[in-house]
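Colleague: I am new to this structure. Please walk me through it, feature by feature.

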Amino acid sequence: MSNVVVVGAQWGDEGKGRIVDWLAERADIVARYNGGHNAGHTLVIDGKTYKLALLPSGVVRGKRGVIGNGVALDPEALLAEIGRMEALGVRITPDLLQIAETATLVLPIHRAIDAAQEQLRTRLQECPLGTTLRGIGPAYEDKVGRRALRVCDLANPEYLSARLDLLLAHHNAWFRGLGLETFDKAPLLGALLAMAPKILPFVGRVWEQLDAAHRHGQSVVFEGSQAVMLDIDWGSYPYVTSSSTVAAGAASGTGIAPSRIGHVLGVSKVYATRVGEGPFVSELDGALGERLRDRGREYGVNTGRPRRCGWLDAVQLRQAVKVGGIDRLALTKLDVLDGFETISLCVGYERDGQRIDYIPASDAALAGVRPVLREFPGWSRPTQGARAMDALPAEAVALIEAIEAEVGVPVTMVTTGAERDDVVLRNVE
Ligand code: IMO
Ligand code: MG
């Protein structure tokens with residue numbers, strides 16, 4: 001198998017983890033390149049559910065995982081997740097997991113900043129972003145601000161201490177200005193130094209390991225977190241996450257050469273969901289939206305928040321394919337549509353009586369946009385658990401083909417249930 005990058009093609013929660021799990025069986029390494037424990041990737045293996053946030057989705061089945069430099073790594077969250085996996089019988093050893101020495105550290109102060117920034121947005125603009133409050137955005141801000149602590153700093157207590165002074169001088173001034181409580185250095189430093197011996201055995205030069213893997217003919221699945229519409233450049237700014245979620249992020253976030261990225265598999269549900277604030281043209285407010293939420297169990301893995309639901313938006317998906325570098329699609333959760341009499345697909349946008357086929361950049365321009373819907377008949381025979389094209393009802397096949405035609409890239413996988421092998425393969429070379 002060649003390398004493949006798995007990219008969320010909507011607003012996250014598309015089922016990337018289970019697609020990665022399926023691909024990982026045929027690959028040697030799974031690499032995370034962006035995001036942090038704001039991600040929630042769920043795998044169901046033999047009826048047992050594994051919820052991952054920071055660990056690459058291959059580790060559950062003993063596949064080597066790497067966490068790249070593009071990841072925002074909360075050491076506390078990582079150790080807790082390793083503990084949870086061990087309780088489920090999955091041992092995470094340094095043979096199995098390697099962490100880039102240059103990954104940015106997420107600290108408790110980042111969680112406090114995240115919460116304070118959300119309060120500020122609510123107070124001043126009446127609208128928070130609806131972040132996961134994990135401190136991911138503020139940690140990336142520190143990275144770009146060149147005051148972040150990195151994983152490699154854990155090996156050098158004096159340097160770590162000096163870096164913390166700089167970080168705290170910056171943030172405590174802001175806290176003080178807002179009349180909020182400031183952070184003391186000693187407990188922060190103490191906690192980091194206590195965790196260091198548990199983290200450092202995993203730490204190394206991931207870029208070098210990936211290069212060596214390539215030279216030995218090994219293949220890598222790059223596991224994207226979040227999605228194109230949450231990308232810092234390509235998403236619906238400011239309602240985005242703070243990292244590069246697109247295929248290009250796999251190169252900058254791990255050290256792999258762009259020319260070695262291989263295929264880019266976009267993952268999309270056959271409908272749409274979004275958690276947190278921000279525009280969502282094809283959103284369904286009423287009973288239909290609730291039915292999708294119910295049938296799809298659309299609640300955040302991480303935060304438990306109910307997800308907003310709507311029809312699949314082909315305008316959005318087409319744009320995500322172009323800017324995200326996607327060359328094929330996996331459609332997930334087809335079985336959620338079992339039992340719907342009719343299913344709609346948003347095939348265009350309308351604004352002031354005019355058709356547009358792109359997502360307007362500004363919130364103001366987006367506000368007047370209405371979805372143009374095309375209706376499809378539902379099906380009576382369930383698709384749940386189907387594992388071959390000929391097991392799918394003709395109406396489901398017609399919907400898949402219509403999505404493919406609207407979006408312009410082949411649909412190579414369709415999932416029909418939570419287990420890894422509830423997958424229908426299509427057009428596979
Ligand atoms: P996976 O990898 C869905 C959303 C948050 C919020 C915005 C910014 O499971 O698809 P952040 O905490 O990142 O600063 O929040 O991004 N968000 C996600 N939504 N799935 C995710 O990850 C998400 N990670 C962040 O809800 O709207
Ligand atoms: Mg998620």
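Colleague: Among contacts in the protein chain between residues at least 6 apart in sequence, what share joins residues at least 24 apart?

Modeller: Contact means heavy atoms within 4.5 Å. Here 74% of those contacts join residues at least 24 apart. Before we go on, note the ground rules. This is a predicted model, where local features need pLDDT of at least 70, side-chain atom pairs count only at pLDDT 80 or more, and totals for chains, interfaces and linings use all residues. Residues are numbered from 1 along each chain as its sequence is written, chains are lettered from A and ligands numbered from 1 in the order in which they are written, and side-chain values use heavy atoms, with hydrogens and water left out.

Colleague: How do I read the radius of gyration of the protein chain?

Modeller: The radius of gyration is taken over C-alpha atoms, and the globule rule is 2.2 Å times the number of residues to the power 0.38. For 429 residues, a compact globule would come out near 22 Å; the protein chain has 22 Å, so the two agree. Along the principal axes, the C-alpha atoms fill a box of roughly 65 × 55 × 40 Å.

Colleague: How many helices and strands are there in the protein chain?

Modeller: Helices (H or I, at least four residues) and strands (E, at least two) are DSSP runs, numbered from the N terminus. The protein chain has 12 helices and 19 strands.

Colleague: What percentage of the residues is buried?

Modeller: Buried means under 20% relative accessible area, exposed over 50%, and partly exposed in between (1.4 Å probe, protein chains only). Buried residues make up 56% of the 429.

Colleague: Which residues of helix H10 are buried?

Modeller: They are Ala 314, Val 315, Gln 316, Leu 317, Arg 318, Ala 320, Val 321 and Gly 324. That is 8 of the 11 residues in H10 (residues 314-324), so the rest of the structure largely encloses this helix.

Colleague: What do the buried residues of H10 pack against?

Modeller: Their partners include helix H8 (247-252), helix H12 (394-407) and strand S11 (263-269). Strands S13 (308-313), S14 (328-332) and S15 (342-351) are also among them.

Colleague: Which residues other than glycine have a positive phi?

Modeller: Leu 133 is one of them, with phi near 60 degrees. Leu 133 sits in the loop between helix H3 (108-125) and helix H4 (136-144), and is partly exposed at 42% relative accessibility. Gln 226 is another example, at about 55 degrees. Gln 226 belongs to the loop between S10 and H8 and is buried, with a relative accessible area of 8%.

Colleague: Where is the cis peptide bond that involves Pro 238?

Modeller: The bond joins Tyr 237 and Pro 238, with omega about 5 degrees. Pro 238 lies in the loop between S10 and H8. Gly 235 is found in the loop between strand S10 (220-223) and H8. Gly 235 is buried at 16% relative accessible area. Beyond residues up to four places away in sequence, Gly 235 touches Val 228, Met 229, Leu 230 and Val 240.

Colleague: Is Ser 225 buried or exposed?

Modeller: Ser 225 is buried, with a relative accessible area of 1%. Its place is in the loop between S10 and H8. A polar contact is a pair of N or O atoms within 3.5 Å; within protein, one must be able to donate a hydrogen and the other to accept it, and residues adjacent in sequence count only if both atoms are side-chain atoms. The side chain of Ser 225 makes such a contact with the side chain of Arg 32, at 3.0 Å. Ser 225 and Lys 16 are 209 residues apart along the chain, yet their C-alpha atoms are separated by 7.9 Å.

Colleague: What does the side chain of Thr 415 reach?

Modeller: The side chain of Thr 415 reaches the backbone nitrogen of Lys 333 at 3.0 Å. Thr 415 lies in strand S18 (residues 411-415). At 2% relative accessibility, Thr 415 is buried.
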